[in-house]
Amino acid sequence: MLKDIGFYKGINLGGWLSQCDYSKERLDGFILEEDFKQIAAWGFDHVRIPIDYNIVQNADGSMKQDGLARIDAALELCRKYGLNTVLDLHKTQGFSFDEGEHEAGFFESERYQELFYRLWEAFAERWGSLSDHVMFELLNEVTEREYLDAWKRISAECIRRIRRSAPDIRILLGSYHHNGVREVQYLDAPYDSRVIYNFHCYEPLKFTHQGAYWNAECNNDNRYTFEQSGASEAYFEDLFSSAIAKAEAEGAELYCGEYGVIDIVPPAESLKWFQTIGAVFEKHGIARAAWSYKEMDFGISDARMDCVRYELLKALLR
């Protein structure tokens with residue numbers, strides 16, 4: 001089980017090798033060794049590292065050695081501080097969950113799909129032997145329902161190719177609707193026993209994303225307290241129920257790769273949400289990684305959260 005092997009209570013290193021300007025200053029300076037040390041000292045057992053394809057892959061599919069070396073260095077720091085690692089492909093050629101990236105055509109294009117396979121084959125050849133310390137997450141947040149059939153086919157082929165050189169690596173696989181938890185039920189049975197169902201949870205969105213400038217639905221003047229949001233343990237029990245049932249039926253585990261609250265929400269209100277969802281995660285043994293360690297509008301390490309730091313860490317690490 002993920003709980004027993006150090007992939008149970010994690011945190012995201014968002015905005016480092018993904019969703020950034022890709023400048024040398026950003027890549028060299030956003031996350032430092034001291035951050036890995038802090039994450040381990042707090043008690044997290046792993047980090048999830050979102051990676052955009054252009055960090056590691058050229059347009060023709062050849063791999064960028066400097067980008068691969070950056071991941072090597074991150075893995076070395078994880079080992080130094082006793083942390084395991086999820087390598088998450090946050091953007092691939094032809095697809096991004098973020099419409100602003102202007103990536104399109106992946107689910108229709110054999111060329112883009114082949115580039116996706118080749119990237120994961122390269123990852124498998126380089127890090128597939130590190131199955132005790134590394135997991136692969138094939139693709140962040142498939143968006144539309146219309147992509148599901150293609151995604152199931154593509155992900156199965158990708159796993160088949162990964163297994164050539166990485167038979168034991170654990171692989172995270174999510175559904176559509178931005179990795180929605182209610183959509184887990186529509187995935188096929190796992191390719192093998194080392195495939196784990198993956199979802200993200202920012203529900204209720206009107207609370208966790210209130211005022212989000214990138215979301216037209218939430219970018220308004222409406223503000224909600226935790227009590228006004230409708231969230232409760234019963235709410236999350238219902239929300240997770242179909243995914244829990246699917247995982248039990250297939251003999252699979254569940255992993256929540258992202259969950260968090262926007263920094264517009266007062267810390268004390270955010271804390272209530274983390275405590276509530278955390279109780280349900282723990283009740284059902286759902287592994288997870290909070291979004292996000294630093295900045296990115298959701299920064300858990302940001303100074304604004306110091307006033308609830310002790311209780312927040314208790315909620316995240318319960």
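**Exercise 1. Which elements do the buried residues of α5 pack against in this predicted model?**

Step 1. Find the helix. Helix α5 covers residues 110-127 and has 18 residues.

Step 2. Pick out its buried residues. Among them are Leu-115, Phe-116, Leu-119, Trp-120 and Phe-123.

Step 3. List the partners. The buried residues of α5 pack against strands β2 (46-52), β3 and β5 (134-137). They also pack against helices α3 (53-56), α4 (65-80) and α6 (148-165).

**Exercise 2. Describe the span of α5 and the cap at its N-terminal end.**

Step 1. Take the span from the first C-alpha to the last: 25 Å.

Step 2. Look at the N-terminal end. Ser-109 caps α5 there. A side-chain oxygen of Ser-109 lies 3.3 Å from the backbone nitrogen of Arg-111.

**Exercise 3. Is Thr-92 buried or exposed?**

Step 1. Locate Thr-92. It is in strand β3, residues 84-92.

Step 2. Apply the cut-off. Buried means under 20% relative accessible area. Thr-92 has 1%, so Thr-92 is buried.

Step 3. Check its contacts. Leaving out residues up to four places away in sequence, Thr-92 touches Tyr-53, Glu-103, Phe-106, Phe-116 and Leu-139. Phe-116 is one of the buried residues of α5.

**Exercise 4. Work out how Glu-250 is classed, and which residues Glu-250 touches.**

Step 1. Locate Glu-250. It lies in helix α10, residues 233-250.

Step 2. Class it. Glu-250 counts as partly exposed because its relative accessibility is 30%.

Step 3. List the contacts. Beyond residues up to four places away in sequence, Glu-250 touches Ala-189, Pro-190 and Tyr-197.

Key. Residues numbered from 1 in each chain as written. Predicted model: local features only at pLDDT ≥ 70, side-chain atom pairs only at ≥ 80, totals over all residues. Heavy atoms only, no water. Helix = DSSP H or I, 4+ residues; strand = E, 2+ residues; numbered from the N terminus. Buried < 20%, exposed > 50% of the residue type's maximum accessible area, 1.4 Å probe, protein only. Contact = heavy atoms within 4.5 Å. Expected span 1.5 Å × (residues − 1). Polar contact = N/O pair within 3.5 Å; in protein donor to acceptor, adjacent residues only side chain to side chain.
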